[in-house]
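Me: I would like to learn how to read the fold of a chain from its coordinates. Please take me through the features in turn.

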Amino acid sequence: MVQQTLARGFTLTGHGVHGGHPVSMTLAPAGAGAGIVFSGAGADIEAHWSRVDASNLRTRLAGDGASVSTVEHVMAALAALRVDNALVLLDGDEVPAMDGSARDFVSAIDDAGVVALPAPRRALRVVKPARVSDGAGWAELRPANAGLHLDVEIAFPCPIGRQRLALDLTPETFRRELAGARSFGFLRDAERLWREGLALGANLDNTLVFDARAAINPQGVRFADECVRHKMLDVVGDLALAGAPIIGAFRSYRGGHSLNLALLEAAARAGALALELDSAHNEGVSVTGRSLSP
Ligand SMILES: [Zn+2]
């Protein structure tokens, strides 16, 4: 299996959900071995767990005196659609929230198309179990034969409650089951988040908001279990910071960005992730556009 990049660049504009500032984001093709690189404010920051400097309710990368926040949804779309290499140019410090899901990123990547690059793709195979816990929840990676299996369970107060979802990640399952699931929160938490400088750009157009009884968004939920689907979307985006696609089985209970990233770090440091040529991750991918290889 070979590496891929975007067939052409595209630009999306919106607002950061946490900072609330308008931002323009351009995704551009990049060569083999480049990985996903966020560029802005004079700094280039590689999308890797070692660059994460905050994971409270979002994943923020930092380097060279700059930072970029809320990378998880665009990272999920890129990883799920097998875009190994791309440059993400931002004129602000946060990825635009769009509608709170990965749907607009998926549509834009699908419109642009992906092309093969003349270099083999590598994957990180889980060769032994790794697990982290924070007392309330846990996350683990276990070996699996092929692909990435995801099993995510959440437990929130009513009306969200307990939800569990398991699936094998492919471009198709991501598009169909996960991409449209939005960020969510409780109305009663909003003032506390605002005091912490978070969710300043959150509104009913980019966040699924619950009161004590139900979602207050006029259109309601997109899926009955939209929250666990969004949590799984976040997992895909956080695991994309491993540096290569993971071959293994991920499971979490009451997880989140902090646990996902702690798990990646623990697995890497324990030697639980072994780099190999990827023969397992191109299922169902239609490569469109002109090949960049001669
Ligand atoms: Zn999210």
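**Contacts, cores and pairings**

Reply: Of the contacts in the chain with a separation of 6 or more, 76% are between residues 24 or more positions apart. Two residues are in contact if their C-beta atoms, placed from the backbone, lie within 7 Å. This is a predicted model, in which local features need pLDDT of at least 70 and side-chain atom pairs count only at pLDDT 80 or more, while totals for chains, interfaces and linings use all residues. Residues are numbered from 1 along each chain as its sequence is written.

Me: What radius of gyration does the chain have, and what would a compact globule have?

Reply: The radius is taken over C-alpha atoms, and the globule rule is 2.2 Å times the number of residues to the power 0.38. For 294 residues a compact globule would have a radius near 19 Å, and the 18 Å of the chain agrees with that. The C-alpha atoms fill a box of roughly 55 × 40 × 35 Å along the principal axes.

Me: How many helices and strands are there in the chain?

Reply: Helices (H or I, at least four residues) and strands (E, at least two) are DSSP runs, numbered from the N terminus. The chain has six helices and 19 strands.

Me: Is Thr13 buried or exposed?

Reply: A residue is buried if 20 or more other C-beta atoms lie within 10 Å of its own, exposed if 12 or fewer, and partly exposed in between; C-beta atoms are placed from the backbone. Thr13 is exposed because 12 other C-beta atoms lie within 10 Å. Thr13 belongs to strand 2 (residues 10–15), and touches Ser24 and Pro96, leaving aside residues up to four places away in sequence. Of the 294 residues of the chain, 45% count as buried.

Me: Which residues touch the most other members of the largest nonpolar core?

Reply: In soluble globular proteins, nonpolar side chains tend to be buried together. A nonpolar core is a set of buried Ala, Val, Leu, Ile, Met, Phe, Trp, Tyr and Cys residues joined through C-beta atoms within 7 Å. The largest one has 79 residues, and Met75, Ala77, Leu78, Val236, Ala240 and Ala242 touch the most other members. Apart from it lies another core of six residues, including Val17 and Ala97.

Me: At what angle do the axes of helix 1 and helix 5 cross?

Reply: Two packed helices are described by the angle between their axes and the distance between the axes. Axes are lines fitted to C-alpha atoms, for helices over the stretch in contact, and angles run from 0 to 180 degrees between N-to-C directions. The axes of helix 1 (residues 72–80) and helix 5 (residues 226–239) cross at roughly 75° and come within 7 Å. That makes helix 1 roughly perpendicular to helix 5, a label for angles of 65 to 115 degrees (under 35 is roughly parallel, over 145 roughly antiparallel, the rest oblique). Among the residues that meet are Met75 in helix 1 and Val236 in helix 5.

Me: In what sense do strand 12 and strand 13 pair?

Reply: Two strands pair if DSSP finds at least two bridges between them. Strand 12 (residues 130–133) and strand 13 (residues 138–142) are antiparallel, over four bridges, and Arg131 has Glu140 as its bridge partner. Their hairpin has four residues between the strands, and Gly135 takes a positive phi near 95° there. Strand 13 also pairs with strand 18 (residues 246–253), antiparallel over five bridges, with Trp138 opposite Tyr253.
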